[in-house]
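Notebook open, model loaded. I'm jotting down what I look up as I go.

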Amino acid sequence: MVVVTPDLPDDRDLDEGGLDLTPRDDAPVRRARTARRRWAPIVVLVLLGLVVGAIALQARGASLYFKNADEAVAEQASLGTKRFRLQGTVVGKPKEDGAATLFKVQYNGVDVAVRHTGSEPAMFKAGIPVVAEGHWNEAGTTFESDRLLVKHDADYKDYDEEHPDRVDEEQSTNT
């Protein structure tokens, strides 16, 4: 029988190779952990800042202003030579001038002269709505465009007349 006296520590487990509860000096380990913990938020913030900066840089080109022709003329002074998108309907027949195409767009009765450099969509012609991407020239007299988008009206009536040999849906299911 083992008698435990209240003044002396109970060392029964130590004799049998049990749990060692002797205090250790962990100061160097704690300092290393503390230093890592101190730098971790800073590293995370720097990485987060880089990601946000990259997203903002990519989004910068995607956020062009969209103005109707009448709005663009009214806000011409504030727009200056900043890049934006101009919407209007092509008025008159577009004319070729060397490497550029000259035409006018109109919206709410306001005409804007456009000088487009670049390729035109296949459906580009008079009387259709277009969106020209570019900026006002230095004099503010002409809209300089380098990208042209055409609105498709999804009207295929003329297609049937131009392509009479096209197979109809009824013909293709009956064969």
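Which residue's side chain does a polar contact of 2.9 Å join to that of Asp-70? I looked, and the partner is Asn-108. (Polar contact here: a pair of N or O atoms within 3.5 Å; within protein, one must be able to donate a hydrogen and the other to accept it, and residues adjacent in sequence count only if both atoms are side-chain atoms.)

Ground rules, before I go on. This is a predicted model, where local features need pLDDT of at least 70 and side-chain atom pairs count only at pLDDT 80 or more, while totals for chains, interfaces and linings use all residues. Residues are numbered from 1 along each chain as its sequence is written, and side-chain values use heavy atoms, with hydrogens and water left out.

Entry 1: I placed Asp-70 in helix α3, residues 69-74. (Helices, H or I of at least four residues, and strands, E of at least two, are DSSP runs numbered from the N terminus.) Asp-70 is partly exposed, at 21% relative accessible area; buried means under 20%, exposed over 50% and partly exposed in between, with a 1.4 Å probe and protein chains only. Beyond its neighbours within four places in sequence, Asp-70 contacts Tyr-107, Asn-108 and Val-110, contact meaning heavy atoms within 4.5 Å. Tyr-107 is 37 residues away along the chain, yet its C-alpha atom is 5.8 Å from that of Asp-70.

**Entry 2: Asn-108.** I found Asn-108 in the loop between β3 (100-107) and β4 (110-117). Asn-108 is exposed, with a relative accessible area of 61%. Its phi is positive, about 55 degrees, although Asn-108 is not a glycine. I noted that most residues other than glycine have a negative phi.

**Entry 3: the core.** The largest nonpolar core has 17 residues, and among those with the most contacts inside it are Phe-103, Val-114 and Phe-143. (Such a core is a set of buried Ala, Val, Leu, Ile, Met, Phe, Trp, Tyr and Cys residues joined through side-chain atoms within 4.5 Å.) Helix α3 and strands β2 (84-97), β3, β4, β5 (129-136) and β6 (143-150) each supply at least two residues of this core. I checked Val-114: leaving aside neighbours within four places in sequence, its contacts include Leu-86, Val-105, Ala-132 and Ser-145.

**Entry 4: the whole chain.** I get six helices and six strands, running α-α-β-α-α-β-β-β-β-β-α-α along the sequence. Buried residues make up 18% of the 175 residues. Among contacts between residues at least 6 apart in sequence, 49% join residues at least 24 apart.
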